[in-house]
Amino acid sequence: MKLDVIPIHVANQPPGEPGLSGNAPPLLREVVEQVRRLIESGEPSAIDLSALPLTPADLDWLQEKLGAGEIAVTLQASGESTLNETACPGVWWVTHRNEQGAVNSQFIEVAFVPELVKAHPQDVALGLETLEFMIADRQGDAD
Amino acid sequence: MQGPLIDTLARQGVSRRTFLKYCATLASMMALPPAAGLAMAEAMAAARRPSVIWLPFQECTGCTESFTRSHSPTLEGMIFDMISLDYQETLMAAAGHQAEAARHTAMRDNAGKYLLVIDGSIPLDQDGAYSCIGGRSNLDILKEAAEGAAAIIAMGTCASYGGIPKANPNPTGAVSVSDIIKDKPIVNIPGCPPIPVVMTGVLAHYLTFGSLPELDAKGRPKAFYGETIHDRCYRRPFYDQGKFAKTFDDEGARRGWCLFELGCKGPVTYNACATVKWNGGTSWPVESGHGCLGCSEPDFWDAGGFYKALSLPADPLKFAAAAAVVGTGAGVAIGFANRSKKGGAKSAHETTTLDDLEA
């Protein structure tokens, strides 16, 4: 059941909402630093948005400022995760959700490709095994 | 012990990315830097599953319920894949002599390396006869199991501080794990029940770094018990503005004002409810309109009535007036008065008397 079905009027909106706390703009500077580091040393970094005192309005503000880029990755792994590149290449907005669709954690990742998108060598090796098995199986059928 | 954890997970259909995602969230909850999520995933994926022996003593099984019925089965349930749970009376299929034999085998095979989880307090009166398993007292079993343990996790307020069995007049002579075991590292995860993710976090920390997380003076992991409920409460601004609900059905209660005067123990209670919340982040006691009971603090059962406000300074307005004279604004003055209220509450933490209960 959705909460809004319950006929109770919430008198108090959570404090801070819909206002801006002023905590979001300094994050842009941190992103700048991280992008610079990525260019200079190739070192990726991230900002944990759920660990910071940001209101929903702050998050909207940040998301709007960073904009939407060309790539949007959707990951289905015990709930949906989205890894979307912002209008600034190398800056990704990462949201992890659980099976019920609630946000578990949220990050700004600064990387050429977020780690989660890359395939792990061990998993690739497993894929190779599957492919080889498939070919062997087909040959077996042909014989 | 089996092979690396990631292989065990893969066999159960948990992909590497699911695990990475889980670790990212876990690191965030433990207030670790974002990069730690990846480091945790790498370390844990390669780790061998440690043997865990879980002993229930004088308890209500609420801690096990909290842990096993946590919101997302794949999330906290995953911890059961990370460990080799060799003895847990509520969950294990074996019973009687078979169960006891399983415990002894696990203790012998993993001597010095297993984690010991305890829920429940240990009764000492009548030679511990109040709580026995297989004819042996909890005290006896605890001492034996602690000897070969690498570390002990005291799950819940009973194991951590004696809890409700220890409430006055403590008829069974209940004590905590740390009252008995002095020579092993002990992590207290208090709460009645404790927040499941705290347990997961401690195990993840152990698997990743090979050590227990940093603890506070009461033996609790700082990552989860570092701040009071009050300091992280979303109703805190109302406290600072001096806006309090006076009854559970007045205008203030409907507007969601601070529950301090209705007995909320948030200002003296260290726990993560205000941030982690309960039931998959749905809500938590204060959000549902009830003050905090203080269940993660020692002797919370005896620390004054649940609906009795923490003690206030004799005349809070006097503080406000004094501050106003110095020329500060009214808002600051009220904030000041409330701060002193909190200080007073901390220093004069009251104990329940029989009169309180009868009143």
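**The pocket, the interface and the backbone**

The second largest pocket has a lining of 27 residues, and A46(A), E109(A), E115(A), P34(B) and L38(B) lie nearest its centre. This is a predicted model, where local features need pLDDT of at least 70, side-chain atom pairs count only at pLDDT 80 or more, and totals for chains, interfaces and linings use all residues. Residues are numbered from 1 along each chain as its sequence is written, chains are lettered from A and ligands numbered from 1 in the order in which they are written, and side-chain values use heavy atoms, with hydrogens and water left out.

Q: What makes a space a pocket, and what makes a residue part of its lining?
A: On a 1 Å grid over the protein atoms alone, a pocket is an open set of points with protein on both sides within 12 Å along at least five of seven lines, and lining residues have an atom within 4 Å of a point. For the second largest pocket, 27 residues line the space.

Q: Which elements supply at least two residues each to that lining?
A: They are β1, β4 and β5 of chain A, with α2 (16-29) and α3 (35-46) of chain B. Helices (H or I, at least four residues) and strands (E, at least two) are DSSP runs, numbered from the N terminus. The largest share, four residues, comes from α2(B).

Q: Why is the pairing of D123(A) and R16(B) called a salt bridge?
A: The rule asks for a side-chain nitrogen of Lys or Arg within 4 Å of a carboxyl oxygen of Asp or Glu. Here the side chains of D123(A) and R16(B) meet at 3.0 Å, N to O, so the pair qualifies. The rule finds one salt bridge across the interface of chain A and chain B.

Q: How many residues does each chain give to the contact?
A: Chain A gives 28 residues and chain B gives 20 residues, where contact means heavy atoms within 4.5 Å.

Q: What makes D127(B) stand out in its backbone?
A: Phi of D127(B) is near 55 degrees, a positive value in a residue other than glycine. Most residues other than glycine have a negative phi, and most peptide bonds are trans. D127(B) sits in the loop between β4 (122-123) and β5 (132-133) of chain B.

Conventions: On a 1 Å grid over the protein atoms alone, a cavity is a set of points where a 1.4 Å probe fits but cannot get out, and a pocket is an open set with protein on both sides within 12 Å along at least five of seven lines; lining residues have an atom within 4 Å of a point.
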